[in-house]
Amino acid sequence: MNRNQSLFDGINSHASFSKVNPVFRLPLGWKFSRAPAGVNVFFTMRNGGVSEPPYESLNLGFHVGDDREHVSQNRTALAEMLGVDPAAITSPRQRHTPKPMLLERDEQVGSGAFGEESLFDPCDGLITALPNAPILLHFADCLPVVLAAGGRRPAVGALHAGRRGLAAGVIANGVAVMKNELGADPGRIVAALGPAIGPCCYEVGPRAAQVFKARFGPEAVTGNRADLAAAAIIDLKASGIPAANIHLLDICTSCDKHFYSYRRDGGVTGRHGAIAWLE
Ligand SMILES: [Zn+2]
């Protein structure tokens, strides 16, 4: 993807992910195979759902104009394939903020499972130590960043890292919640970066490029092309997560038509997901 390679030295590549395609017509995606024991992380693709164009087919977002019943069926199919309870899926109302929240009480579990409304609003990251409480965030170009801590006090979190959220500190805020609220040691947190628009396709305006460059340095901007993964890696490292614990799927959602891309699809499209849970 024509990147500044020194920043990516020591970062794990897509070999840390395995493609899952159990049966034709079932949800398809990438499992993060280097998650700590007891932690599950899965990134979906477009395939395997019931939504019709322009949302075909595994659209997981309720807010994009798709048939609500179709989205519910898609989420249920995904949950069944993964062996989790669809009614336990907790999903925030994402608004490009740098604000993560903690899912900490049983009565919060399942908020946003079958509708746009959520107790977590505005919220661009969900973090939990509760078992059997899958968190689901949805994306169409923005970068999914999943944080996982194993050991005696397991925790998992998913962050919505677009250009604005990254610049405003969503990564540092997410790591801080895991550290301060759940006692996770950043040196042992593992990060999985899912599919996102790559620097190959993400040209922004000169002003936005300047702001991004001022925030993250030249490694995150080439010309007017922003590199969301580079920015995330810079902040993950600054938050104390070692390069060896960072894993990059490295698929561009605009280049690869098996993903939703807000830019490529002209703004009217569905959402793929990042879903993570503790056993
Ligand atoms: Zn691309």
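**Close-up views of the predicted model**

**View 1. Buried positions of helix α2.** In this predicted model, the buried residues of α2 are H70, V71, N74, R75, L78 and A79. An α-helix has 3.6 residues a turn, so residues three or four places apart point the same way.

**View 2. Extent and end of helix α2.** Helix α2 covers residues 68–82, 15 residues in total. From its first C-alpha to its last, α2 reaches 21 Å, close to the 21 Å expected at 1.5 Å a residue. G83 follows α2 and has a positive phi, near 80°.

**View 3. The largest nonpolar core.** This core comprises 91 residues, and V146, A191 and A232 have the most contacts inside it. Helix α6 (residues 228–238) gives the most to the core, contributing seven residues.

**View 4. Surroundings of V146.** With residues up to four places away in sequence left out, V146 touches F32, V41, A158, A191, A192, A274 and A276. One of these partners, A191, is listed with V146 and A232 among the core residues with the most contacts.

**View 5. The whole protein chain, for context.** The protein chain contains six helices and 13 strands. Its radius of gyration is 17 Å, close to the 19 Å that the globule rule gives for 279 residues, so the chain is as compact as a globular protein of that length. The C-alpha trace spans about 45 × 45 × 35 Å along its principal axes. Of the 279 residues, 53% are buried. Among contacts with a separation of 6 or more, 66% join residues 24 or more positions apart.

Key: Residues numbered from 1 in each chain as written. Predicted model: local features only at pLDDT ≥ 70, side-chain atom pairs only at ≥ 80, totals over all residues. Core = buried A, V, L, I, M, F, W, Y, C linked by C-beta atoms within 7 Å. Buried ≥ 20, exposed ≤ 12 C-beta atoms within 10 Å, placed from the backbone. Helix = DSSP H or I, 4+ residues; strand = E, 2+ residues; numbered from the N terminus. Contact = placed C-beta atoms within 7 Å. Expected span 1.5 Å × (residues − 1). Rg over C-alpha atoms; globule rule 2.2 N^0.38 Å.
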